[in-house]
Every structure is written in C-alpha cells, then in structure tokens.
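This report is written for someone meeting the structure for the first time. Please look over the sequence and the model before reading on.

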Amino acid sequence: MIKKDFRNMTLFCEQLPYTHLAEEFGTPLYVYSKSALTEAFENYQTAFAALNPLVCYAVKANGNLSIIKHFASLGSGFDIVSGGELARVLAAGGDAAKTIFSGVGKSEAEIEFALNAGVKCFNMESIPEIDRIQKVAARLGKVAPVSLRVNPDVDAKTHPYISTGLKANKFGIAYADALEAYRHASRQSHLKIVGIDCHIGSQLTDLSPLIEACERILALVDQLADEGIVLEHLDLGGGVGIVYQDENVPDLGAYAQSVQKLMGTRRLKLVLEPGRSLVGNAGSLLTRVEFVKHGEEKNFVMVDAAMNDLMRPALYDAYHHIEAIETKDIEPLTANIVGPICETGDFLGKDRTIACEEGDLLLIRSAGAYGSSMASNYNTRNRAAEVLVDGNECKLIRQRETVEQQMANELACL
Ligand SMILES: *Cc1c(COP(=O)(O)O)cnc(C)c1O
C-alpha cells in the first residue's frame with residue numbers, strides 16, 4: 001500500500017509521491033489508498049466466506065461520501081448511528097436495505113427517516129427505545145425490523161473510552177434483562193424481531209473477548225428459540241483492532257473459524273459492523289513542519305495539523321506512527337510533535353525521534369478511521385481536504401473548508 005522508494009528517499013501512496021499531493025492540494029491533507037480500502041474489505045469477505053456474512057461498514061469511522069460509495073460498490077452494507085449518517089449512505093448510493101441503525105439515543109425524527117428509507121434493522125438498546133420505535137412505526141403504519149443490542153458483560157481489554165461491553169457502560173440491554181426485553185418487544189404490534197447484536201468495544205487486540213461475547217449471545221439465541229422467538233441474524237458488532245504501533249492484532253481467519261464453530265448448525269445469517277479495520281490503515285494525515293522549537297526541557301516540532309484534525313492522541317492518548325516524507329541527512333532530534341492549537345493536549349506524537357526541519361512534510365500513519373470524522377473547527381481552523389489515491393491517479397474527495405463556510409450559519413446580532 002504505502003511504499004518507501006529508497007532511490008528517491010521519499011514516501012509514496014500507491015504510485016503517487018506525497019510531495020506531489022502536498023503541492024497540489026496543500027496541507028494538512030488526509031490521503032487514502034483505494035486499494036488498501038478494497039483489500040481491507042476483501043479480508044473480511046475472504047475470512048468469513050464460509051458464513052457468507054453481510055459486512056456493514058461502520059460509517060462513523062469515516063463518513064466521506066466517496067469512501068461510502070466505494071464500499072457500496074464492493075457490496076458492503078452499512079452500520080449507522082444517526083440520521084445524518086443515513087443521509088450520507090443514501091447520498092452515496094448505499095442500500096438502505098443493507099443498513100443497520102445502531103446507537104443508544106435515536107430521536108423520533110431519526111426513527112421516522114429510517115423507517116421511510118427502509119433500513120434493514122434497528123438495533124435497540126433499551127425498553128424506552130423499543131416503545132418509541134413501536135410508537136413511530138404505528139403512527140406511520142409500518143412494521144419496524146428490530147434487534148436488541150445485548151451487553152454480554154465481557155471485558156474487551158481496550159481503552160476505557162472505547163470499551164462498551166461491560167455492565168457499567170451506557171450501551172445495550174443488560175444480559176440478565178435481555179429475555180424479558182425480547183418478550184416485551186415481541187408483544188408490540190408494529191415491531192418484527194429479526195436479530196440480536198452486541199458490540200463490546202473498538203480496537204480489540206485480543207480475540208478471546210469477541211469469542212466469549214459470541215458464545216454468550218448464542219446461548220440467548222437458543223433460549224429465545226425455546227420461547228418461539230426465532231431470529232434471522234446474529235450481528236457481532238465492530239471489527240478487530242489494527243496496528244498503530246506494534247500491537248498484535250487478531251487474525252480474522254481464526255475469528256471466523258471460532259464463530260463458525262460456535263454457530264454450528266443454527267440457521268443464522270451473520271452480520272459484522274467493522275469500521276476502524278476497513279479504513280484505519282488505508283489513510284494517513286499529511287502535514288508540514290511550521291517550526292522546530294528547542295525548549296529548555298523538550299523540543300517541539302510544530303506542524304500545521306492539530307488535534308482538531310486528528311483528535312485521537314488528545315482524546316485517548318493514542319499512538320500514531322509519524323515519519324518524515326523525505327529522508328534527509330540531518331541530525332535527528334527527539335521532540336513532541338504538536339499542532340498550533342492553544343491546548344497543552346494538542347499533540348500528535350510524544351518523544352519521537354525524527355530528522356526534520358522547517359518546511360518538511362511529515363506523515364501521520366493509520367489516520368483513516370476516527371480521524372476526519374472526528375474533526376472539528378476548534379480555533380476556527382478549517383477542516384482538512386481529503387484525497388483518494390488510485391494507482392497513479394488521485395481525486396479530491398473533500399475540499400478544504402473555508403472560513404466563510406465556517407461562519408455561514410452564524411448571525412452577528414446586536
Ligand atoms: C463504533 C461501532 C462499530 C465500529 O467499530 P470498529 O471498532 O470501528 O470496527 C460497530 N458497531 C457499533 C454499534 C459501533 O458503535
């Protein structure tokens with residue numbers, strides 16, 4: 001995907017040098033590799049081939065219309081968590097009938113929009129939500145296909161902010177309450193129970209919690225069947241973790257085999273909702289060095305990207321590999337790589353050894369997921385442009401924002 005060309009000592013995305021991309025589109029710039037997106041999607045299809053799964057790309061990882069469109073062209077379904085994300089899927093030509101509506105706080109307006117669009121399933125997370133979807137469906141004279149998100153109470157062993165499957169989390173229906181919640185849903189006139197789902201967290205580097213969750217959910221599937229509530233699909237939620245630094249990431253083939261074994265002869269369609277692992281390693285954030293500042297205790301490499309462009313380091317203390325685009329014969333320094341935002345938390349990398357000087361380009365790796373989709377305008381910074389590279393061609397898939405666009409909805413009263 002991203003190769004080092006040692007002759008020129010410069011980095012490429014597919015066949016395009018990052019230096020050309022920076023010249024043409026400016027920085028900070030999100031750069032995605034189309035072939036890496038395709039490969040990541042096909043990895044799921046191949047690993048789970050025996051189960052013929054519906055892979056529903058989790059749009060919140062990166063909602064760019066071109067990325068959604070590309071996955072739609074590969075046959076992907078979608079996992080959405082808001083009406084806004086549904087609008088994106090529809091605008092990009094995604095199929096509502098392959099779209100799963102997840103999320104813990106759906107509004108009536110969002111439910112109505114999704115019912116009218118004809119989504120595949122609502123993943124419901126509480127009794128009041130069951131009642132709300134019933135109410136909206138009855139009003140519209142429609143039947144809502146539904147699933148309950150059950151919290152299997154397993155420890156995903158990931159960062160607490162992205163761990164969602166423990167009792168203490170706000171997500172899902174408690175395991176012990178799941179049967180009663182299903183009975184409640186089955187008594188509603190305008191709901192059709194079609195599935196069950198769980199999602200225990202993101203950036204999972206260990207397979208065992210995923211398998212444990214699957215096992216616990218299947219036990220519920222059987223109990224439900226005993227009561228005459230027969231499900232059509234099992235949705236195991238998000239994907240596996242990716243390599244940011246030196247993590248051991250779960251093998252998809254091993255995951256698929258375990259799931260297949262656990263599912264046995266049950267006639268359930270498998271649904272998966274990977275986000276990070278479909279886009280994370282396919283994207284990088286290209287940035288330029290503004291200054292190198294030698295402090296009393298620390299050196300700082302100030303770049304033109306910041307926490308508003310890539311929030312993960314500030315939010316989760318996440319690691320992203322950072323390297324210089326061109327290899328230079330200068331003394332490397334150890335520095336914090338920071339943005340221009342007025343926050344001490346505005347860092348992209350800490351204590352990195354890097355050979356660079358003012359004007360050089362740096363590449364922040366593995367920034368395709370939860371990068372641009374979490375971007376903000378803090379400090380009135382324009383959100384970065386995005387490009388999609390395909391071989392030796394590239395397309396602008398998001399224009400750099402302007403200050404006029406940022407101010408367009410504001411009114412200077414008084
Ligand atoms: C965020 C999320 C996903 C995607 O998780 P990844 O770790 O990015 O694969 C899937 N399903 C639900 C319900 C989510 O909230």
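What covers the buried residues of helix 8? The cover includes strand 9 (144-151), helix 7 (178-186), strand 11 (191-197), strand 12 (233-235) and helix 9 (252-263). The model is a predicted one.

## Helix 8

Helix 8 takes in residues 208-226, which makes 19 residues. From its first C-alpha to its last it reaches 28 Å, close to the 27 Å expected at 1.5 Å a residue. After helix 8 comes glycine 228, whose phi is positive, near 85 degrees.

The buried residues of helix 8 are Pro209, Leu210, Ala213, Cys214, Ile217, Leu218, Leu220, Val221 and Leu224.

## The nonpolar cores

The largest nonpolar core holds 97 residues. Phe48, Phe122, Ile196, Leu234 and Leu362 have the most contacts inside it. Helix 8 supplies the largest share of this core, with eight residues. Apart from this core lies another one, of 16 residues, and Tyr18, Phe25, Leu29 and Leu361 are among them.

Residues up to four places away in sequence are not counted here. Isoleucine 196 touches Ile217, Leu220, Val221 and Leu224, among others.

## The ligand

Which residues come nearest to the ligand? Of the 14 residues around the ligand, these are Lys60, Ser202, Glu273, Arg276 and Tyr370.

A polar side-chain atom of lysine 60 is 2.8 Å from an oxygen atom of the ligand. A polar backbone atom of glycine 275 lies 2.8 Å from an oxygen atom of the ligand, and for arginine 276 a backbone N or O atom is 2.7 Å from a ligand oxygen atom. On its own the ligand has 390 Å² of accessible area, and the protein covers 94% of that.

## Alanine 306

Alanine 306 is found in the loop between strand 15 (299-303) and helix 11 (312-316). Is alanine 306 buried or exposed? Alanine 306 counts as buried because its relative accessible area is 0%, and the cut-off for buried is under 20%.

Leaving out residues up to four places away in sequence, alanine 306 touches Gly339, Pro340, Ile341, Asp346, Leu348 and Arg381. Valine 338 is 32 residues from alanine 306 along the chain, and the C-alpha atoms of the two are separated by 6.8 Å.

Note on methods
Residues numbered from 1 in each chain as written. Predicted model: local features only at pLDDT ≥ 70, side-chain atom pairs only at ≥ 80, totals over all residues. Heavy atoms only, no water. Helix = DSSP H or I, 4+ residues; strand = E, 2+ residues; numbered from the N terminus. Expected span 1.5 Å × (residues − 1). Buried < 20%, exposed > 50% of the residue type's maximum accessible area, 1.4 Å probe, protein only. Contact = heavy atoms within 4.5 Å. Core = buried A, V, L, I, M, F, W, Y, C linked by side-chain atoms within 4.5 Å. Near = heavy atom within 4 Å. Polar contact = N/O pair within 3.5 Å; in protein donor to acceptor, adjacent residues only side chain to side chain. Areas by Shrake-Rupley, 256 points an atom, 1.4 Å probe, with all protein chains shown as cover.
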